Amino acid sequence: MTERGDNLCSHCLLPIGLRAMQRTVNGEDCAFCCYGCCIAFQVKHGKSEEWEAAWLLIRLGVGAFLTMNIMLISLVLYAGTFSGADAWLLPWIHLLLWIFATPALVILGEPYLRETWAQAAQGRVTSSALVVLGVGAAYAYSIFATIEGSEQVYFDTATMVLMLFTIGSYIEAAGRAKAARDLEPLLAAESECATVVDEGTESRRPVRDIGAGMLVRVKPGERVPVDGVVMEGLSHTDEAVITGESRQVAKRVGSAVIAGSINLDGPLLIQSSGAGSATRWAQICRSVRDALSRRSPIQRIADRVVGVSVPFVLILGGLTVAYWAQLMPFDQALLVGLAVLVVACPCAVGLAAPLATSLGIGRLARCGCLVRDPGTLEALARTRLLAFDKTGTLTSGRSRIVGIESDGAGTDEVLARAAGLERHSEHGLAHAIIMAATARGLEPVVTSDVRAVPGRGVLGNADGQPMAAGNSALMGDLGWSLAPALRERARSLEASGHSVIYVGWAGRVHAVLSLDDTPLPEAHSMIEALRSLGLHVTLLTGDLAPAARRVAAVIGIEDMQACLSPETKRAALDQYRPSYEVVAMVGDGLNDGPVLADADVGIAVGSATDLARETASLVLPPGGLWMLPWVIAVARKVRRTILTNLLWAFGYNLVALTLAALGVLQPVLAAAVMASSSLLLVINSQQLSRLPDPALSVIPERPLSAESDSVSRGLGMPVIAGPAIERS
Amino acid sequence: MTYYLVIFAAGFAGSFHCIGMCGGFACALGHDPRGRIATVERHLLYNAGRLTTYCFLGGIAGALGAVLCTSRGIEVPVLNGPLDAAQRFLAIAAGLLMIAMALQFFGLLQGFHRVTVGFGGSTLAVSLRSLLKSPSPTAPVAFGVFNGFLPCPLVYAFAAQAASTAGALPGFLVMLSFGLGTFPAMLMMGGVGRMLAPAWRQRGVWLAGSFILVLGLITLSRGVLPFAAHVHALPGGPG
């Protein structure tokens with residue numbers, strides 16, 4: 001992929017922004033967001049025979065050697081060893097310090113100097129300029145002091161500040177990468193290699209080069225790189241990344257496997273069923289990368305604050321030196337100014353939002369929930385109203401038989417006869433009847449001469465009798481009689497939004513089947529959980545009011561609007577805006593496109609469409625509606641983390657800045673304080689990756705059929721498409 | 001002076017322990033193809049790096065001890081408790097730590113050993129690996145510097161001793177004596193390789209353990225005994 005490394009740091013997976021560092025590691029082009037990531041990545045991934053990785057370490061080591069020696073000599077100086085009789089040695093000691101400090105400064109300061117230079121060439125001032133200026137001033141002053149033979153030099157401060165900054169950014173980068181390691185499997189589809197078996201020889205190839213029909217070997221512990229069918233082997237896989245459910249699925253010869261799932265036990269040989277870049281995993285990967293490289297509103301504000309603050313801090317540093325120079329010797333005033341510059345480095349502010357957001361996105365994606373924009377999490381956290389679509393979102397979207405009214409004929413007989421007819425039909429409702437018959441273990445009655453009457457129903461013959469199943473018009477055409485009680489019941493069922501099928505044989509209508517879309521088993525507890533999070537829940541549906549009212553009553557929604565077209569749905573959502581400010585819409589992603597795009601947060605459940613064309617900003621996995629309360633809880637946690645991070649970073653900087661400007665904070669301490677402030681942000685954000693998995697207890701036990709459905713839908717194919725493909 | 005000689009001797013005895021881990025590194029650093037002088041130079045650079053780190057740790061530990069014990073020399077005192085009590089507390093803590101370290105050398109307290117050695121060691125070891133093979137002439141210095149930071153109970157024990165001196169300068173001197181004490185063995189390892197038989201190494205480890213145990217007991221007694229039995233006569237704290 002061309003976008004690899006363009007916008008995310010190779011080490012910590014945060015967006016790079018303006019200050020990218022390009023390096024080649026292990027023959028691959030890598031980009032880093034900061035110097036710390038550059039070092040940490042090479043320490044972790046650099047091969048020992050590679051020059052650059054070792055060279056960075058040598059620089060650090062030699063820099064540390066010189067710095068520590070400078071510190072030790074300074075320590076002896078501060079202890080007063082060269083006062084009195086030995087005072088003649090002092091200039092020589094200062095000269096020695098100068099000799100040590102110069103290479104240390106060059107070695108440790110070069111990356112900061114280079115960045116400052118590159119940014120200055122483009123007319124920007126970044127925080128590294130603060131370091132360069134402060135340290136440079138201390139160094140330059142110390143040179144003058146050495147030449148003039150004055151008492152005090154500050155080579156130790158200059159080198160120690162640089163050393164602490166380097167170590168601090170290294171530790172911080174290592175911490176960020178550790179926090180973001182959850183993101184790696186989600187981004188791996190673009191970088192991972194697969195073992196392709198071609199006529200007995202095995203070769204490693206990038207996943208994106210794999211085409212349909214290729215054989216791929218997957219070892220235990222590896223990720224399945226492509227969608228396909230098992231040709232050889234026996235194992236279990238974990239499909240959590242795709243379906244959101246972390247459980248083991250048994251795989252044997254002939255089983256379908258999903259790209260991105262982890263092969264747990266045994267080696268598998270898989271025949272690829274499509275291109276490696278067209279799998280849902282690859283789509284998820286692209287989606288997560290896109291989301292990570294975007295900026296949220298809070299982040300944009302923070303970045304702007306950082307950009308504005310640097311020149312401001314420079315002025316403040318200058319004023320501090322000017323002020324203190326009147327009260328104390330110039331060299332000490334300079335040190336106070338250095339402390340101000342060092343402590344005002346706004347590294348932590350720039351880190352506050354992106355780290356928390358990307359951890360949140362990674363945490364959600366690991367359970368199959370895709371966030372397409374970092375701003376979504378912030379908006380979702382502030383959402384106070386959730387509007388639901390009914391069909392296919394809160395309900396299964398497939399009709400089921402909910403009632404059988406008859407004039408005395410047995411339920412089983414009615415079902416067996418209806419199933420015998422509908423077996424030959426491809427109508428959507430036919431499926432529901434056959435399912436019901438199968439569930440009761442009924443054998444469909446053998447039916448001959450079956451023919452469909454378009455828009456009416458099905459006709460046929462069984463046991464020498466004519467048989468029919470269809471609507472009232474079909475029965476009217478046939479002239480079959482209908483008991484008045486049955487007619488009345490059918491009419492009231494139709495009025496309340498049920499689909500009704502008349503079943504008749506031997507010249508008479510014997511039964512009326514009522515079919516309805518059933519609410520999902522998890523819907524009720526989920527609505528309850530949402531309400532306990534303080535959210536207002538409403539139902540916006542295009543269905544008839546009675547049907548909507550019935551579903552709303554079952555799942556416990558009080559507020560609802562029915563008979564809405566997509567346009568009026570948008571209008572209805574807009575009506576809620578004044579009182580609820582931020583509103584979210586939950587739909588199935590197919591019919592609700594415009595409304596989802598219009599809501600502050602559009603949430604699509606089980607989208608089978610191409611993710612790239614998806615209009616919703618948050619996509620839950622197929623059958624993943626039950627995770628919604630958890631997703632909102634995560635979003636709120638992310639927002640809270642960002643706010644505490646910002647509060648902490650600003651507060652810390654302000655307090656430290658005040659102390660530094662008052663001359664209380666020594667520059668070396670200031671550098672240590674700065675490093676620790678970013679580290680604290682990393683630790684504070686890290687709790688996001690440790691958030692618990694969504695509680696499965698929310699769902700009441702699901703029927704097995706629904707379970708297997710959700711797995712097959714996980715492939716991104718509509719259920720009905722399966723047999724259709726077989727037939728063609 | 002006697003105090004530092006004792007530390008030097010302890011470092012020398014303790015360096016037989018070093019042969020197990022750091023000696024391996026010294027061996028890996030090996031011979032320089034450019035000849036004997038280049039090899040000696042290589043190992044001197046490595047040991048200089050190591051010594052610098054030790055001294056630095058000693059200075060830091062001593063300064064921390066000073067911060068705990070006295071407000072002199074440090075601008076922001078962390079604790080302002082009674083001066084004598086704090087110093088006693090530090091001596092007791094350092095003494096106990098040293099005794100715990102010493103017991104490890106006799107094969108006791110293994111769980112404690114894992115805690116001290118496991119902390120952050122793996123990242124450093126990875127860093128070291130890529131330096132060992134580097135042809136750069138300055139690589140041994142960098143290698144020595146990182147080596148000095150490797151988690152090692154011996155270094156911790158003496159850092160604790162350095163902290164108990166409650167002064168940056170005496171702390172630095174403690175670690176300097178200790179580091180110099182480890183010089184002979186480490187240089188020998190670099191030049192001669194694994195000369196000593198395992199049995200002798202084991203005896204060396206016990207010797208090191210005994211030394212640290214005695215030092216630990218002395219340090220502890222400084223904190224516990226009614227009148228402070230200071231072995232050294234240096235003024236505490238930087239001026």
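**Helices and rings**

Mentor: In chain A, helix α22 (residues 628–661) packs with helix α23 (residues 667–686) at an angle of about 165°, their axes 10 Å apart. Helices here are DSSP runs (H or I, at least four residues), numbered from the N terminus. This is a predicted model: local features need pLDDT of at least 70, and side-chain atom pairs count only at pLDDT 80 or more. Residues are numbered from 1 along each chain as its sequence is written.

Trainee: Why are α22(A) and α23(A) called roughly antiparallel?

Mentor: Angles run from 0 to 180 degrees between N-to-C directions. Over 145 counts as roughly antiparallel. The angle is about 165°, so α22(A) and α23(A) are roughly antiparallel to each other.

Trainee: Which residues of α22(A) and α23(A) meet?

Mentor: Contact means heavy atoms within 4.5 Å. Among those in α22(A) are A:Trp648 and A:Tyr652; α23(A) brings residues including A:Leu680 and A:Leu681.

Trainee: What makes A:Tyr323 and A:Trp324 an edge-to-face pair?

Mentor: Ring centres must lie within 6.5 Å, with planes over 60 degrees apart for edge-to-face. A:Tyr323 and A:Trp324 have 5.5 Å centre to centre and 75° between the planes.

Trainee: Is A:Trp324 buried or exposed?

Mentor: Buried means under 20% relative accessible area, exposed over 50%, partly exposed in between (1.4 Å probe, protein chains only). A:Trp324 has 15%, so A:Trp324 is buried. A:Tyr323 has 49%, so A:Tyr323 is partly exposed.

Key. Chains are lettered from A and ligands numbered from 1 in the order in which they are written. Side-chain values use heavy atoms; hydrogens and water are left out. Rings of Phe, Tyr and Trp (its six-membered ring) pair if their centres lie within 6.5 Å; planes under 30 degrees apart count as stacked, over 60 as edge-to-face and the rest as tilted. Helices (H or I, at least four residues) and strands (E, at least two) are DSSP runs, numbered from the N terminus. Angles under 35 degrees count as roughly parallel, over 145 as roughly antiparallel, 65 to 115 as roughly perpendicular and the rest as oblique.
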